[in-house]
Amino acid sequence: MLDYNSKLLTFGCSETGDQDIISFEEEYGAHHYERINVVIRQAEGCWLTDIRGKKYLDCLAAYSAANPGHHHPDIVAAMMNALQGNYGSVISNVVYTDPLGLFVKRMAEFAPQIAPRFGNHGNKVLPKNGGVESVETAIKAARFHGWKNKGIPDGKQEIIVFNNNFHGRMITVVSFSSSSKYREGFGPLTPGFVSVDYSDLDAVEKAITPNTCGILVEPMQGEGGMQIPEPGFLKGLRKLSDQHDLLLLFDEIQVGLGRTGKRFCFQHEDVVPDGLILGKAVSGGLVPLSVFITNAKLMDQIFNIGSDGSTFGGYPLACVAGLAALDVFENENLAERSEQQGKKLKKKIKEICDRSPHVKEVRGMGLFIGIEVKEGNAMDFCHELLDLGVLANDSHGHTIRISPPLIINDEEIEYMVERLENVLVG
Ligand SMILES: Cc1ncc(COP(=O)(O)O)c(C=O)c1O
C-alpha cells in the first residue's frame, strides 16, 4: 500500500486527488491518447494500484515494456547504485563510459549473428531512446545499403512495409502507416515506402523493383490486431531478401525479448534478420532504451563519425538498467516462463471463448494473446475488466490484448481468467 506520508512520495507522487490529476492532464496536456479512467499511483510486479488501494492486474505491461514486472528489484537496485554512486547521469557520447561499453558488448552477444550472409563478424549495437528512433536507424541502414552496395541512386531507395504496420509515431514511420489518422495533416510525408498485405509473399515479390533496398516487418503484428503471419512468411521474406540483396529488418520492439515464448520472435521460424530492432523491455521498462543491432561489418560501413548520434542514446543510467534487465531476462528464464504460462493461459482463454457469444477468434503465442470480438469495440470489454480489477486494452479496435508481465504466476492467471469469464460469458 502507498504511504502518502512518506517523504519520497511528496516528491514523486502527490496527495492530489484523482479528479484533479485528470483535470490537469485534460487542461494542460495534449489530448493524444484516449485514456482509461483510472489514475495509477504505484506499480509493482504484475500489479497497479490506485489511490484507494484498489489493485489492477496489469494485462498490458505497457505494450511489452514491463516484461520483467514493474520495478523489478534487481533493475531498481542497479539504477539506484548508479544514481547514488554518481555514474548515472548523461555525460556525453564524446567520451567513453563504463556502462555503455558493458551494455553494447552484452547486447551484441545476446542476439545470434545478425545478417550472417555478410560474414561471421559478430554484432554491433547502436543505442537510442524510444523505439521509433531505432526503427528510423534501421531505415537509414537499409537506404545506405541500397545506395552504397546496390548502386541505387540516393533518394530513390524503396523499402517494402506491411499494411496495418505499427512502428511508432514520428514523421517517417507514420508516412507509411495504414491509419489515415496517424498521417492526416502532417505532410509532407517521407517517400520511399511501398506497403503490401501482411503474409502476402506474392505481393512482396511483385513490389520489388531495382530500387528496393529493404523490407521492414514486425514478425508478429502487435498494434495491427495481434496478428501471427502465415507459416513460411518470414522464411519467404528471407529468401526474397537473399535473392535481391535487400536488408531484412525485424521490428521486435513489442514481440521480442520473450514476449512470444522465445528470446526473439523470429526464432519461431528459424529465420535470422539483417537488422534487429528492440526497445521497450530492453531496460525492463524503467527508462527509455532501444537498439538497432546488425552485423559488425554492416554497422561499420553504414554508421561513421557524424552519420548518427543521440544525446541520451546509450547514456549511463539507461545502460545500467539495460544490463540489469538482460540479467533478469536470463536469470529468471523469462522466455521459457512466457512459453509455459502462455500455453496455460491460452488454453484457459480458449475454453472461456468457446462458451462466449462475443468472441470470434483467440490467437497468439507465449504471453501475447489476442481475443478478437465479433462485433463492437474490444474496449467495451476492457472497461468492464477494469471495474473487476484488470487493466487491458484493445489492439486495432476489435481485439482484446492480453500481454501481462512475463513473471505472471498461476494465481494471477486464475485471477485474470475468472474476470475474463465474467466479462465474456457472464
Ligand atoms: C512494433 C513497434 N514498433 C515501434 C514502436 C514504437 O516504440 P516507441 O513508442 O517506444 O517509440 C512500438 C510501440 O508500441 C511497437 O509496438
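Helices are taken here as DSSP runs of H or I with at least four residues, numbered from the N terminus. On this basis, in what is a predicted model, helix α6, spanning residues 131–148, supplies the largest share of the shell around the ligand, namely three residues. The shell comprises 15 residues, of which Gly130, Gly131, Val132, Gly168 and Gln254 come nearest to the ligand. By class, the residues of this shell divide into seven polar, five nonpolar and three charged.

Strand β4, which covers residues 123–128, is mostly covered, with six of its six residues buried. In a regular strand the side chains alternate between the two faces of the sheet. Strand β4 is joined by six bridges to strand β10 (residues 290–295), and the two strands run antiparallel. Within this pairing, Lys128 has Ser290 of β10 as its bridge partner.

At the level of the whole chain, the protein is divided into domain 1, made up of the segments 7–68 and 333–424, and domain 2, which spans 81–331. The centres of domain 1 and domain 2, taken over C-alpha atoms, are separated by 27 Å. To the contact between them, domain 1 gives 26 residues and domain 2 gives 25 residues. On the side of domain 1 that touches domain 2, the elements that give two or more residues are α3 (61–64), α13 (334–354), β11 (359–365), β12 (368–373) and β15 (399–402). Among these elements, α13 provides the largest share of that side, five residues. The composition of the side of domain 1 that touches domain 2 is eleven nonpolar, twelve polar and three charged residues.

Helix α14 (residues 378–387) has as its buried residues Ala378, Phe381, Cys382 and Leu385. These residues lie on the same side of α14, because the arc that they cover around the axis is only 105 degrees. The elements that cover the buried residues of α14 include the strands β12, β13 (390–391), β14 (393–395) and β15, together with helix α15 (410–424). Just after α14, Gly389 takes a positive phi of about 95 degrees.

Strand β13 also takes part in an open sheet of four strands, which has the order β1-β2-β3-β13 and mixed pairing. The edge strands of this sheet are β1 (42–44) and β13, each of which pairs on one side only. Strands of a sheet pair through backbone hydrogen bonds, either parallel or antiparallel. For strand β3 (residues 55–58) and β13 the pairing is in the parallel sense and extends over two bridges. One of the residues concerned is Asp58, whose bridge partner in β13 is Leu391.

A further position considered is Gly236, which is placed in helix α10 (residues 233–244). Gly236 counts as buried because it has 20 C-beta neighbours inside 10 Å, the criterion for burial being 20 or more other C-beta atoms within 10 Å. Gly236 and Glu205 are 31 residues apart in sequence, while their C-alpha atoms are 9.6 Å apart in space.

Terms used. Residues are numbered from 1 along each chain as its sequence is written. This is a predicted model: local features need pLDDT of at least 70, side-chain atom pairs count only at pLDDT 80 or more; totals for chains, interfaces and linings use all residues. A residue is near a molecule or strand if its C-beta atom, placed from the backbone, lies within 6 Å of it. Ala, Val, Leu, Ile, Met, Phe, Trp, Tyr, Cys and Pro count as nonpolar, Asp, Glu, Lys and Arg as charged, and the others, Gly among them, as polar. A residue is buried if 20 or more other C-beta atoms lie within 10 Å of its own, exposed if 12 or fewer, and partly exposed in between; C-beta atoms are placed from the backbone. Two strands pair if DSSP finds at least two bridges between them. Domain bounds come from an automatic or database domain assignment. Two residues are in contact if their C-beta atoms, placed from the backbone, lie within 7 Å. The arc is that of the directions from the helix axis to the C-beta atoms.
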